Amino acid sequence: MPLVKNQIIPLTIDALSSDGNGVGRFEGQAVFVPFAAVGDVLSVKVVKICKSYAFGIVESVLTPGTGRIPADCPIFGRCGGCCFRHLSYEAELAAKQGFVADALRRIGGLDVPVRDILPSPQTERYRNKVQYPLFLAGDGSVQAGFYASRSHRPLSCGDCLLQPGLLNRIAATLCALLTQYHISVYDEQAHRGLARHIYLRHAVTNGSVLVCLVCNGRSLPHAQDICAALVKAHPEVESVVLNVNTHKTNVITGKECITLYGPGVLRDTMRGVPVALGPLSFYQVNTEGANRLYSVAADFAAPGPEDTLLDLYCGAGTIGLSMAEHCGRLIGVEIVPEAVESARRNAAAMGVEHAEFFCADAGTAAQKLAADGLLPNIVVLDPPRKGCDEPTLKAVLAMAPQRIVMVSCNPATAARDLKYLSQHGYAVQAVQPVDMFPRTKHVECAALLCREKF
């Protein structure tokens, strides 16, 4: 009998899908249910029916699975951030290990060994970056929060457990100051109002904080008074920056930054690399987790003094620079100009003279470097979630490096790209999942490929 919308069904959860939903079967049809745990026996309300599967929501937990725990956040299930606060960390790691193995097998068609997932050193308050949308509360005060799942409807959250408590307190202080000085809040429907987002970065190694206020304009009324009061309340604030975003868009930051207080950058260290970060610089959000991930990448790359290492999608240069003392030449490519400047400053601060950084699209740069006859022994790929495009992969193949190290935050696109490379002369030797985003569905992995044809 086919399922009917709003029907209540019993459902046993057999697995978790890569989008974080529980998966069970009712009369042979797959049903996806958010906030479920493997082994749960649930009463589920069917809310959407598709041709070969359906979606449901938990009405009640009849028998909890062994990995289910009480959720510890008052807005869990409504916020669009965490999806695994109802799971033990052991159950979450097992699920993420499965996400990577399943993507490699199903999308990549690869039968390769997947190492046991490396856990995050911290499971709470691990994020060094947070972006809070601003909104007006019923009493007219400025509030910071997060968007509800699949919406732009803001939810207030006084103490998000993914962020250091300091960042949550700084956001609250800045909201109070914006309220005190009657700073208008941006209305995305009317495209009016000034303050759009609070964006904070935290340096784990020294505790300092960069505060960025994203505004629909190039100036902030009472900026000096607001900065002085903020720094007095939180001496950890090292810089205050205004980011200009006057576009009608859901992209958080614009391209222009104006320093209101301090040097305008945040200084931190990641795997021995001193970094200077502005609001637009790419930086892994879990510093200690990134140290672990980059150590894996370095072990896979195994650079020697005669090797040329090409670091594509290099961001602020942290992966490549963390290996710089072991290779003969380092070339980094990144499309964000501020990140490239950061990479150059970082190399200079380290005294690394054999590194070059170029501002270009990874694919275009790789093609040009290949055409110029660059023959790196090692290529590191750390693409965004969409993965590498085919021109980039073709250019890498034209260089014929001995080893390719791929770092990815999306197992699905990683599996696709690994499949392409494996079809063109490279063998996947090892895949190492690393949990960088506890309590969320996201998981990183690093893969090592070696050239088969010499």
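**The second pocket and its surroundings**

Let me start with the second largest pocket: its lining divides into 10 nonpolar, five polar and five charged residues. Here Ala, Val, Leu, Ile, Met, Phe, Trp, Tyr, Cys and Pro count as nonpolar, Asp, Glu, Lys and Arg as charged, and the others, Gly among them, as polar.

A word on the model. It is predicted, so local features need pLDDT of at least 70 and side-chain atom pairs count only at pLDDT 80 or more, while totals for chains, interfaces and linings use all residues. Numbering runs from 1 along each chain as its sequence is written, and side-chain values use heavy atoms, with hydrogens and water left out.

Back to the pocket. The second largest pocket has a volume of about 300 Å³. Of its 20 lining residues, Ser17, Ser18, Asp19, Phe99 and Pro411 are the closest to the centre. Two elements give two or more residues to this lining: α1 and α9 (411-422). Which element gives the largest share of the lining? Helix α1 does, with seven residues. On terms, a pocket is an open set of points on a 1 Å grid over the protein atoms alone, where a 1.4 Å probe fits, with protein on both sides within 12 Å along at least five of seven lines; lining residues have an atom within 4 Å of a point. Points are joined across faces, edges and corners, and the volume is the space filled by probe spheres set on them. Helices (H or I, at least four residues) and strands (E, at least two) are DSSP runs, numbered from the N terminus.

Stay with α1, residues 89-106, and look at Glu92. Is Glu92 buried or exposed? Glu92 counts as buried, because its relative accessibility is 0%. Buried means under 20% relative accessible area, exposed over 50%, partly exposed in between (1.4 Å probe, protein chains only). The Glu92 side chain makes a polar contact of 2.7 Å with the side chain of Lys96. That term covers N or O atoms within 3.5 Å; within protein, one must be able to donate a hydrogen and the other to accept it, and residues adjacent in sequence count only if both atoms are side-chain atoms. Beyond its neighbours within four places in sequence, Glu92 is in contact (heavy atoms within 4.5 Å) with Phe84, Leu87, Asp435, Phe437, Pro438, Arg439 and Thr440.

Next, strand β20, residues 426-434. Eight of its nine residues are buried, so β20 is largely enclosed by the rest of the structure. Its partner is β21 (residues 444-451), antiparallel, joined by eight bridges. Strands pair if DSSP finds at least two bridges between them. Val434 has Glu444 in β21 as its bridge partner.

In α8 (residues 390-399), Thr392, Leu393, Ala395, Val396, Leu397 and Met399 are buried. After α8 comes Ala400, with a positive phi near 50°.

Now strand β10, residues 209-215. Seven of its seven residues are buried. Val209, Val211, Leu213 and Cys215 point one way, while Leu210, Cys212 and Val214 point the other. β10 runs antiparallel to β9 (residues 195-202), with seven bridges. His202 has Val209 as its bridge partner. β9 and β10 form a hairpin with six residues between them, and Gly207 in the turn has a positive phi of about 80°. To β11 (residues 237-244), β10 is joined by seven bridges, and these two run parallel. There Cys212 stands opposite Val241.

More backbone angles. Most residues other than glycine have a negative phi. Phe35, not a glycine, has a positive phi of about 60°. Phe35 sits in the loop between β3 (29-33) and β4 (41-49). Its 27% relative accessibility makes Phe35 partly exposed. His191 has a positive phi too, near 55°. His191 lies between α2 (165-180) and β9, in the loop. At 26%, His191 is also partly exposed.

Last, Ser281, in the loop between β14 (273-277) and α4 (287-301). Ser281 counts as buried because its relative accessibility is 4%. Its side chain and that of Ser342 are joined by a polar contact of 3.3 Å. Apart from neighbours within four places in sequence, Ser281 is in contact with Arg201, Ala276, Glu338 and Ser342.
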